[in-house]
Amino acid sequence: MKKLESSLTNMVLVLTGVAVIMGGILAYVNHLTEGPIKEQKDKALADGIKAVMVCDDLVVSKTDEVRQNDAKGKEMVYTIYQVKDAKGQDLGAAVESTTMGFGGDLKVLVGFDPEGKILGYTLLEHAETPGLGAKADKWFQKGEKGDIIGKSPAEALTVSKDGGQVDAITASTITSRAFLLAVNNAYAAYKATPIDGESGATKQATAAEGETSDACKTEE
């Protein structure tokens, strides 16, 4: 009996020791990979901001968080990256917005000019069906069937099936509605953000003068 008790004690001690060692190894590996993973995410976000703002030579002048309730009363958080060009002129903002798509969270980054018109967008995260809802990354881009580039969500963007002006992704109306809701919510969050460093009148005057940086000019 004593021998059995001794064996059980030794087994418990060995298993505990193994668990402690493995835990330490996992913590060490996590520590080593944490930095590179963060750098990769930061780079992906920076590239995304440049893409949706259609500008390579820009600076994020300020980052804000706006909390608003959705249609169901749930509080949502939107991250707004206010952007300036190399000359310090306001370009607008890139806004992160998340809604529930067909397969899960649909996270979108939308670029708006100072007047609120859509410059571009990219999907940061989604779980939509490949070949169907996943087409949202291209479907609403400039020149595509559901093109929203250049539009202003001042009047909410909706799919044509709901009486709106945007063609839904074929066989993916739920995803299309979720995407447009994310864009509309992003616009509302952007308009709720205080203007950074200059008045709307100043921005309109600058735009009228046509002093946009060469790195940020887009095709007419």
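Which backbone nitrogen does the side chain of E128 reach? I looked, and the side chain gets to the backbone nitrogen of G103 at 3.1 Å.

**Ground rules**

I'm working on a predicted model, where local features need pLDDT of at least 70, side-chain atom pairs count only at pLDDT 80 or more, and totals for chains, interfaces and linings use all residues. Residues are numbered from 1 along each chain as its sequence is written, and side-chain values use heavy atoms, with hydrogens and water left out.

**Entry: E128**

I placed E128 in the loop between β5 and α2 (136-139). Helices (H or I, at least four residues) and strands (E, at least two) are DSSP runs, numbered from the N terminus.

Then I checked charge. E128 is buried yet has no salt bridge, and R177, the nearest side chain of opposite charge, is 12 Å away. Buried means under 20% relative accessible area, exposed over 50%, and partly exposed in between (1.4 Å probe, protein chains only). A salt bridge takes a side-chain nitrogen of Lys or Arg within 4 Å of a carboxyl oxygen of Asp or Glu. For charge, Lys and Arg count as positive and Asp and Glu as negative, while His and the chain ends are not counted.

I also listed what E128 touches, not counting residues up to four places away in sequence: G101, F102, G103, G104, L106, G133, A134 and T175. Contact here means heavy atoms within 4.5 Å.

**Entry: the sheet**

I traced five strands in an open sheet, ordered β1-β2-β3-β4-β5, with antiparallel pairing. Two strands pair if DSSP finds at least two bridges between them. β1 (58-69) and β5 (118-125) are at the edges with a single partner strand each, so one side of each has no neighbour in the sheet. From one strand to the next the twist averages 20°. Axes are lines fitted to C-alpha atoms, for helices over the stretch in contact, and angles run from 0 to 180 degrees between N-to-C directions.

β1 and β2 run antiparallel and are joined by 11 bridges; T63 has Y81 in β2 as its bridge partner. Six bridges join β2 (residues 75-85) to β3 (residues 90-100), also antiparallel. There I found T79 partnered with E96 of β3, and Q82 with A93 of β3. Their hairpin has four residues between the strands, and G88 in it takes a positive phi near 85°.

How buried is β2? Nine of its 11 residues are buried, so β2 is largely enclosed by the rest of the structure.

**Entry: L119 in β5**

I picked L119 in strand β5. It counts as partly exposed because its relative accessibility is 24%. L119 touches V52, M53, V54, L91, G111, F112, D113 and I149, not counting residues up to four places away in sequence. I also checked L119 against A51: they are 68 residues apart in sequence and 9.1 Å apart in space, C-alpha to C-alpha.

**Entry: salt bridges**

How many salt bridges does the structure hold? I get four, and I wrote up some of them.

- D162 and R177 meet side chain to side chain at 2.9 Å, N to O. D162 is in the loop between α2 and α3 and R177 in helix α3, so the pair ties together parts 15 residues apart in sequence. D162 is partly exposed at 43% relative accessibility, and R177 is partly exposed at 38%.
- E75 and R67 form a salt bridge at 3.5 Å, N to O. E75 is partly exposed at 47%, whereas R67 is exposed at 51%.
- D64 and K62 form a salt bridge with their closest N and O atoms 3.9 Å apart. D64 is buried at 16%, while K62 is partly exposed at 33%.

Note on methods: A polar contact is a pair of N or O atoms within 3.5 Å; within protein, one must be able to donate a hydrogen and the other to accept it, and residues adjacent in sequence count only if both atoms are side-chain atoms.
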